[in-house]
Structures are given as C-alpha cells and as structure tokens.
Amino acid sequence: MKRHSIRRHRHLAALLTIAGLALAACTTGGGGSTATSGSSGSGSGSITVGTASSGLGTFLTGPDGRTLYMFAKDSANNSACASSCADTWPPLNVTAGQQPKAGSGVSGTLATLTRSDGATQVSYNGLPLYHYKGDAKPGDTNGQGVGGVWFVAGAAGGPLSSSAPSSGSSSPPSPPPGGYEY
C-alpha cells in the first residue's frame, strides 16, 4: 500500500510540474501577438520594431514579425483610432515606461504616446503604429490601402503608397468591421 501511495504522489508531483511549466509558458511571453493585447516585450523592458520587405518595399514589423500600419487620420503623437477601430486595428502598445528599440533597418525615431484610453502606444516619426486583424501571419499586408486611409508603415518613415496587398491575395482586402473604412 505504501508503494502505491508513493507512486501516486510522484505522479501528482510530475503532473503539477508539467502544469506549472505550461502555465508559465502561456503567461511569460511565448505568443507572438502580445502587441495586440496591449503590452509587448521581453523581460528587458522594451520591444524591438524590425523590418521586412515585399513588393511594397521595406516596412516595419512588430516584435512578433507581423506588419505594422499607419492611419491617415492620425496626427503627430495623436491616435484617431479608438473603440471598434482599435479592435480591428490593434495599436502596438507597450507598458508604461517601456521604450521601443529599433531593429535592423529601422532608421526613424521610435517613441511612445499616450492614447485617449490611457494606453501607451508606439509611434514612428511621431505617427502611431497598428497591427491589422486581417493579417494572419508575418508578411501579410492585407490592410494595405483599406478605405484609402490605412497603409503599411514604411521603414523610411511614412506610409507606403501602393494600394495592393502583397500577401498573395488575388482580391482586394475587404473593409474592416466597425465602419472604419473611410
């Protein structure tokens, strides 16, 4: 009987260890979409904005490798995308006090601004940066040209002007839900 009890305790301890490791992996960063949930980064207190290239040119990417966008209705250090707009176009947010770092090919100025909801959003040359919910993987640029106001953030500092998505899609991107296609 004692042997059965010891095995049970060892089995339980092993299961708890595995469960703890799985929980830690889920809560300490492994997922690439932390930027869309409002906070990004590693234990170093910063996130890195990188670049990628396609037929559109060289553009900015978030720490998860996904394409970053600019909104034509934004102004310097001010986001005009809130509420349901931010649901479709999640801002690249960091925790207050975090500062973004420039990866290879990023030559403009990375900074942060405070959004109307109090969140801290990353900006590039003063313009707020966003992801697009319609992009499924790194390299997708399905948000390019949506509504004539959403554009891939160019590494040179402004929005890229070509309106064709470069993710292999043969049809134009559909307007985002929530009426933010203007």
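Ring pairs join Y69, F71, W89, Y130, Y132 and W150 into a cluster. Keep in mind that what you are looking at is a predicted model. Six aromatic pairs turn up in the count.

How do you describe two rings that sit side by side? A pair of aromatic rings is described by the distance of the centres and the angle of the planes. Here are two pairs from this structure.

| Ring pair | Distance of centres | Angle of planes | Kind of pair |
|---|---|---|---|
| Y69 and W89 | 5.4 Å | 75° | edge-to-face |
| W89 and W150 | 3.9 Å | 0° | stacked |

Let's take Y69 and W89 to begin with. Their planes stand at 75°, so the pair is edge-to-face. Y69 belongs to strand β3 (residues 69-71), while W89 is in the loop between α2 (84-88) and β4 (93-94), so this contact ties together parts that lie 20 residues apart in sequence.

Now for W89 and W150. With planes at 0°, these two rings are stacked. This pair links distant parts of the chain, since W89 is in the loop between α2 and β4 and W150 is in strand β9, 61 residues apart.

W150 has a relative accessible area of 0% and is buried.

F71, a member of the ring cluster, has another spot to look at. Find V146 in the loop between β8 (127-128) and β9 (150-152). V146 and F71 are 75 residues apart in sequence, yet their C-alpha atoms are 9.8 Å apart in space. V146 counts as buried because its relative accessibility is 3%, and the cut-off for buried is under 20%.

Next up is the disulfide. A disulfide is a covalent bond between the sulfur atoms of two cysteines. How many does the structure hold? There is one disulfide, and C81 and C85 form it, with their sulfur atoms 2.0 Å apart. The angle about the S-S bond is -110°, and the link of C81 and C85 is left-handed.

On to the strands. Three of them make an open sheet, in the order β2-β1-β5, and the pairing is mixed. Which strands are at the edges? They are β2 (57-61) and β5 (101-102), and each pairs on one side only. Strand β1 (residues 48-54) pairs with β5 in the parallel sense over two bridges.

Strand β6 (residues 110-114) and strand β7 (residues 120-124) pair in the antiparallel sense, over five bridges. Within this pairing, L110 stands opposite Y124 in β7. How many residues lie between the strands of the hairpin? There are five, and in this hairpin G118 takes a positive phi near 90°.

Notes. Residues numbered from 1 in each chain as written. Predicted model: local features only at pLDDT ≥ 70, side-chain atom pairs only at ≥ 80, totals over all residues. Heavy atoms only, no water. Disulfide = S-S within 2.5 Å. Helix = DSSP H or I, 4+ residues; strand = E, 2+ residues; numbered from the N terminus. Buried < 20%, exposed > 50% of the residue type's maximum accessible area, 1.4 Å probe, protein only. Pairing = 2+ DSSP bridges. Phe/Tyr/Trp six-rings, centres within 6.5 Å; stacked < 30°, edge-to-face > 60°.
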